[in-house]
Amino acid sequence: MTTSPTTSPTASPASPLPPPISPFTPLVSLTWTDEETGHQGHLVIDRLVRGVSSGGLRMRAGCTLEEVTGLARGMSMKEVLHYDPRNRYIPLGGAKGGIDCDPRDPAAYGVLVRYLRAVRPYVEQFWTTGEDLGLTQDLVDRAAAEAGLDSSIQAVYPLLDDEEAARRRLADAFAIDVDGIGLDELVGGCGVAESVLTALDRAGVAHRGIRVAVQGFGTMGGATARFLDRAGLRVVAVADVKGTVANPAGLDVEALLAARDGHGAVDRAALRPEDRELPADAWLTTGAEVLVPAAVSYAIDTTNQARITARWVVEAANMPVLPEAEALLAARGITVLPDVVVNSGTNAWWWWTLFGDIGADADEAFAHTRRSMRTLVDLVLTRAEAENRTPRAAAHALAADRLPLIAERFGSFRRPAR
């Protein structure tokens, strides 16, 4: 295991970082090399609050330290943007893990276990983690147990008033199934969908019939498609690893959800005669008013952005739009709703549930997520308009306002028990 230099990684066009929200470099930045396969994994703890940080663990071929650093900084923002002094949940610091390995590789699970074994001291003391791109929560939990961990979020347990009740509440919530999909998968999509609906409402645009194209049909993309479809919008394109499925009259979202595999790929045998199979990048140009990139980082670049005619790009994935591409989109009047706001609902739901702000109940979870996301998106868009900024710049400014408050009030490290 080797640590990175003390300065932040330099951004490059291939792996940009979000604009910094503080002058500080990450608290911890390390790279691990698997002795058996040569695959590398990274861990970045951007900051701690009360001694703990929060951020998922992703696995994908090509994952870099620069990417994980940007994601960890984004997690610091997602946490602080959900600060509400009325809640039991107090935002944690931001962190992220990433493993450079194709999750479909037969060796991937062994790499995951060995990575978690290597970073076990951090998970035990400082870093709470869970599923992200390429990994499901069930897989993370199984690998964590095999690596000798009690839980992937055990670092937060000392902050709980009643650990046993809190763990039982979260386990009960994860056991809830809503129409064939787990509640833990759905809350993130609920948050993305509410972000879309808030933007439409502010623009005075009726929901019914608004066309949506979704890139990625896994946990986040699939759940987002369900909520938007049920809200009356028309999902006209879904892209997965096999290509794009499209229908201008609207896809049968529930049928596609039932026909997808564990990696979000849809069985084409489930398509109707009127559904079309198109190239992988066709989701960009299907005539939709709303694009939802919900798969990989850096999906929209300076070249393919020119093909986009949608009015809104809603970042359900982490860092799917290159900063240079976002500037070009903004110049053409296309609004990008940023990932640090849009996809923050999943992370917040974990902590709302664990700390007891909500119970293990689907209706309560959706209501709380909708209310919180609508408030946050409205706040960010209002500030963006008032200050003539992009929504991302407004979100960064809001986070920058709140970070010193959180640091001063709660501190970076746990205060000793009296």
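A cavity is a set of points, on a 1 Å grid over the protein atoms alone, where a 1.4 Å probe fits but cannot get out; lining residues have an atom within 4 Å of a point. Grid points are joined across faces, edges and corners, and a volume is the space filled by probe spheres set on the points.

This is a predicted model: local features need pLDDT of at least 70, side-chain atom pairs count only at pLDDT 80 or more, and totals for chains, interfaces and linings use all residues. Residues are numbered from 1 along each chain as its sequence is written, and side-chain values use heavy atoms, with hydrogens and water left out.

**Exercise 1. Describe the largest cavity and its lining.**

Step 1. Start with the volume. The largest cavity has about 30 Å³. The structure holds 1 cavity of 30 Å³ or more.

Step 2. List the lining. It consists of Ser-195, Leu-337, Pro-338, Val-341, Val-342, Val-377, Val-380, Leu-381 and Pro-391.

Step 3. Sort by class. Ala, Val, Leu, Ile, Met, Phe, Trp, Tyr, Cys and Pro count as nonpolar, Asp, Glu, Lys and Arg as charged, and the others, Gly among them, as polar. The lining has 8 nonpolar residues, 1 polar residue and no charged ones.

Step 4. Find the elements. Helices (H or I, at least four residues) and strands (E, at least two) are DSSP runs, numbered from the N terminus. Helix H10 (339-342) and H12 each supply at least two lining residues. The largest share, 3 residues, comes from H12.

**Exercise 2. Describe the second largest pocket.**

Step 1. A pocket is an open set of points with protein on both sides within 12 Å along at least five of seven lines.

Step 2. Give the volume. The second largest pocket has about 360 Å³.

Step 3. Look at the lining. Of its 19 residues, Thr-335, Leu-381, Ala-384, Glu-385 and Pro-391 are the closest to the centre. H6, helix H9 (323-331), strand E16 (335-337) and helix H12 (362-387) give two or more residues each.

Step 4. Sort by class. This lining has 10 nonpolar, 4 polar and 5 charged residues.

**Exercise 3. Find where Arg-50 and Met-319 lie, and give the phi of each.**

Step 1. Take Arg-50. Its phi is near 55°, a positive value in a residue other than glycine. Arg-50 sits in the loop between strand E3 (40-45) and strand E4 (53-54). Its relative accessible area is 16%, so Arg-50 is buried.

Step 2. Take Met-319. Its phi is positive, about 55°, although Met-319 is not a glycine. Met-319 lies in the loop between strand E15 (312-314) and H9. At 9% relative accessibility, Met-319 counts as buried.

Definitions and conventions
Buried means under 20% relative accessible area, exposed over 50%, partly exposed in between (1.4 Å probe, protein chains only).
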